Amino acid sequence: YYASMSYMDAQLGRLLDELGRLEMLDNTIIVLWGDHGWHLGDHGYWTKHTNYEQANRIPLIVVAPGVTPAGESTGQIAESVDIYPTLAELTGLGKPEGPQPIDGLSLVPVLKNPEARVRDHAYHAYPHGGYIGRAIRTERYRLVEWKNWENPADVVYELYDYEKDPLETTNIADKEPEVVEKIQKILATHPEAIR
């Protein structure tokens, strides 16, 4: 993992050096993002195929000269589908439209002001065994709904509180029914998974 990160860092350095040599750093938008995180033994996994934070949190770095304050970061929850509408707005192309709805939201307000918010949650889904896990990640919580493919009435929930348990060691779904119910309403706005 360290070797992969070191290699990527070296390649990014080469790209930035060349943009500097060409005097293009002041008018080039740079976006660096990753596919998924990777478990390194945590939760007993050595892959990225889970609904835990390590597998779903990705790096997302945006440099937009004249827009982003240097060195700032934000707690804004984002999804990779937000990259396209963000780039469209930054380049002056306007809001993307097409025959199919665009799921992403432009992050430009957050790039201008790291305290701004454009979404209150992220959605993801991943199967495990005979279940599909659909999840909502808010700034504080992740709720995972595990639904049996063969028996959709067989549902189990996991709830993690990142303020008290950032490593997701304790499922508190049974202890926080009000939080589960609130996040279930958000989950209901997303389509059911299809096998």
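## Helix H5 and the strands that cover it

In this predicted model, the cover over the buried residues of helix H5 includes strand S3 (122-128), strand S4 (131-137), strand S5 (141-148) and strand S6 (155-161). Helix H5 spans residues 177-187, and its buried residues are Val179, Val180, Ile183, Ile186 and Leu187. Viewed down the helix axis, these buried residues fall within an arc of 115 degrees, so they line one face of H5. An α-helix has 3.6 residues a turn, so residues three or four places apart point the same way. On the other side of H5, Glu178, Lys182 and Lys185 are exposed.

## Strands S3, S4 and S5

Strand S4 pairs with S3 in the antiparallel sense over seven bridges, and S4 pairs with S5 in the antiparallel sense, also over seven bridges. Six of the seven residues of S4 are buried, so this strand is largely enclosed by the rest of the structure.

Two residues separate S3 from S4 in a hairpin, and Gly129 in that turn has a positive phi of about 65 degrees. Pro127 has Ile132 of S4 as its bridge partner. S4 and S5 also form a hairpin, with three residues between them. Here Arg134 has Glu145 of S5 as its bridge partner.

## Helix H3

Helix H3 covers residues 83-90, with Ile83, Pro85, Thr86, Ala88 and Leu90 buried. These buried residues pack against S1, strand S2 (60-63) and helix H4 (108-112). Just after H3, Gly92 adopts a positive phi of about 80 degrees.

## The loop between H4 and S3

Val118 lies in the loop between H4 and S3. Val118 and Leu107 are 11 residues apart along the chain, and their C-alpha atoms are separated by 6.9 Å.

## Salt bridges

The structure has 14 salt bridges. In one of them, the side chains of Arg119 and Glu79 meet at 3.7 Å, N to O. This pair links distant parts of the chain, 40 residues apart: Arg119 is in the loop between H4 and S3, and Glu79 is in the loop between S2 and H3. Both Arg119 and Glu79 are buried.

Arg117 and Glu139 also form a side-chain salt bridge (3.7 Å, N to O). Arg117 sits in the loop between H4 and S3 and Glu139 in the loop between S4 and S5, 22 residues apart, and the pair links these distant parts of the chain. Arg117 is partly exposed, at 38% relative accessible area, whereas Glu139 counts as exposed at 55% relative accessibility.

A further salt bridge joins the side chains of Arg140 and Glu163 (3.6 Å, N to O). Arg140 lies in the loop between S4 and S5 and Glu163 in the loop between S6 and H5, so the pair ties together parts 23 residues apart in sequence. Arg140 is partly exposed, with a relative accessible area of 25%, and Glu163 is exposed at 60%. Salt bridges with shared partners also join Glu53, Arg57, Arg137, Arg142 and Glu168 into one network.

## A nonpolar surface patch

Tyr1, Met5, Trp38, Leu40 and Trp46 make a nonpolar surface patch of about 620 Å².

Key
Residues are numbered from 1 along each chain as its sequence is written. This is a predicted model: local features need pLDDT of at least 70, side-chain atom pairs count only at pLDDT 80 or more; totals for chains, interfaces and linings use all residues. Side-chain values use heavy atoms; hydrogens and water are left out. Patches are made of residues with over 30% relative accessible area and no salt bridge: like charges are joined within 9 Å, nonpolar side chains (Val, Leu, Ile, Met, Phe, Trp, Tyr) within 5 Å. Accessible areas come from the Shrake-Rupley method with a 1.4 Å probe; for residues, only the protein chains shown count as cover. A salt bridge is a side-chain nitrogen of Lys or Arg within 4 Å of a carboxyl oxygen of Asp or Glu. Buried means under 20% relative accessible area, exposed over 50%, partly exposed in between (1.4 Å probe, protein chains only). Helices (H or I, at least four residues) and strands (E, at least two) are DSSP runs, numbered from the N terminus. The arc is that of the directions from the helix axis to the C-beta atoms. Contact means heavy atoms within 4.5 Å. Two strands pair if DSSP finds at least two bridges between them.
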